[in-house]
Amino acid sequence: MTPVLKLAAFAGVLAVVFGAATLAGAAIGPEPEPEPAAMRGEHGEMPAADPVRGLAIAAGGLRVVVEDPELARGREQTLRFRIVDERGATVRDFDVEHERRLHLILARRDLTGFQHLHPEQAADGSWSTPVRIDAPGSYRLFADFAHDGEAQTLASDLRVDGAADLQALPAPARTAVSDGGYDVRLDAGAAGPGEEADLRFTITRDGEPVRTEPYLGAGGHLVALREGDLAFLHVHPLSEESVRFAATFPTEGRYRLFLQFQHDGRVQTVAFTHEVR
Ligand SMILES: [Cu+2]
């Protein structure tokens with residue numbers, strides 16, 4: 001993708017997020033209120049703006065269909081799904097976003113077990129990827145893509161049978177260690193709900209600053225999931241060098257931030273609990 005197209009795609013994502021935030025802000029005035037926009041919409045006071053994605057199995061005329069949502073625990077298997085239109089026909093054409101035509105995110109309901117996968121598309125339009133899930137429980141599958149220039153995040157449940165040892169969300173913290181042992185610090189400022197938050201990550205290893213390698217055309221990749229309903233925010237940094245993101249958290253509450261970056265040819269994943277109030 002050319003830099004111009006990439007910027008245009010990024011601007012599109014921002015426009016969706018900020019557009020929704022602007023609508024909500026215009027209706028409720030300068031003081032943010034905790035009630036969700038959808039509830040106000042029911043009373044006819046404003047259009048039913050949807051500030052979050054990833055809560056629905058179907059939206060915008062598209063639906064995600066998982067072939068078999070029950071996965072066996074502890075062994076690699078193939079996960080298959082399709083995106084279908086209103087007539088049930090499989091959608092084949094997707095726009096490239098962040099170097100891929102579809103991003104697949106998995107997370108357990110307690111916000112553990114995060115995975116970011118890039119499935120392959122078959123000639124019939126269906127998607128598949130090898131996946132292995134070791135811990136039982138109820139998982140959310142997020143298919144993040146753009147079709148006809150419109151960004152979508154559709155979500156569906158997956159089951160992994162067995163007694164789930166569900167975890168409480170870790171307390172908010174400014175430092176965390178990646179799965180490969182990198183130390184990461186988050187500076188997030190004090191943005192409230194509906195305000196643009198400046199999320200800056202500083203990465204070190206053994207006390208030395210780490211300069212990340214490009215990953216999916218950027219300095220890093222960030223997914224934010226809201227505690228309670230796993231609403232999905234998907235934002236990218238503004239440059240290919242820094243690990244810095246602009247994100248608008250739609251409501252107060254706690255969010256789990258999953259940062260991925262690449263160094264020495266390997267992708268690192270690190271998670272933070274971030275509180276918005
Ligand atoms: Cu991806």
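Visitor: Why is W127 called buried?

Guide: W127 has a relative accessible area of 3%. Buried means under 20% relative accessible area, exposed means over 50%, and partly exposed is what lies in between (1.4 Å probe, protein chains only). The value of 3% is under 20%, so W127 is buried. The model is a predicted one: local features need pLDDT of at least 70 and side-chain atom pairs count only at pLDDT 80 or more, while totals for chains, interfaces and linings use all residues. Residues are numbered from 1 along each chain as its sequence is written, and side-chain values use heavy atoms, with hydrogens and water left out.

Visitor: What makes F94 and W127 an aromatic pair, and of which kind?

Guide: Rings of Phe, Tyr and Trp (its six-membered ring) pair if their centres lie within 6.5 Å; planes under 30 degrees apart are stacked, over 60 edge-to-face, and the rest tilted. By this rule there are eight aromatic pairs. For F94 and W127 the centres are 5.2 Å apart and the planes make 75°. The distance is within 6.5 Å and the angle is over 60, so the pair is edge-to-face.

Visitor: Why is this pair said to tie together parts that are apart in sequence?

Guide: F94 lies in the loop between β4 (77-84) and β5, and W127 in strand β8 (residues 127-131), so the pair ties together parts 33 residues apart. A strand is a DSSP run (E, at least two residues), numbered from the N terminus. F94 is buried as well, because its relative accessible area is 7%. F94 and W127 form one aromatic cluster with F145.

Visitor: Why is the pair of F142 and F232 called tilted?

Guide: Its planes are 40° apart, with the centres at 5.1 Å. F142 is in strand β9 (residues 137-147) and F232 in strand β16 (residues 232-235), 90 residues apart. Both F142 and F232 are buried.

Visitor: How do you know that T153 is in contact with F142 and F232?

Guide: Contact means heavy atoms within 4.5 Å. Leaving aside neighbours within four places in sequence, T153 meets that rule with R53, G54, A56, F142, A143, D144 and F232. T153 lies in strand β10 (residues 150-160) and counts as buried because its relative accessibility is 4%.

Visitor: What makes the link between the side chains of T153 and R53 a polar contact?

Guide: A polar contact is a pair of N or O atoms within 3.5 Å; within protein, one must be able to donate a hydrogen and the other to accept it, and residues adjacent in sequence count only if both atoms are side-chain atoms. The distance here is 2.9 Å, so it falls within the 3.5 Å limit.

Visitor: Why are H103, H116 and H118 called donors of the copper ion?

Guide: Donors are N, O and S atoms within 2.8 Å of the metal (3.2 Å for Na, K and Ca); water is not among the atoms, so sites may look incomplete. H103 (ND1), H116 (NE2) and H118 (NE2) lie 1.8 to 2.0 Å from the copper ion, so they qualify. Their spacing in sequence is H-x12-H-x1-H. H103 is in strand β5 and H116 in strand β6, 13 residues apart. Both of these are buried.

Visitor: How do you know that β5 and β6 pair?

Guide: Two strands pair if DSSP finds at least two bridges between them. Strand β5 (residues 103-108) and β6 have three bridges, in the antiparallel sense, so they pair. In this pairing L104 stands opposite L117 in β6. The two strands belong to an open sheet of five with mixed pairing, in the order β3-β10-β9-β5-β6. Its edge strands are β3 (70-71) and β6 (115-117), each pairing on one side only.

Key:
Helix = DSSP H or I, 4+ residues; strand = E, 2+ residues; numbered from the N terminus.
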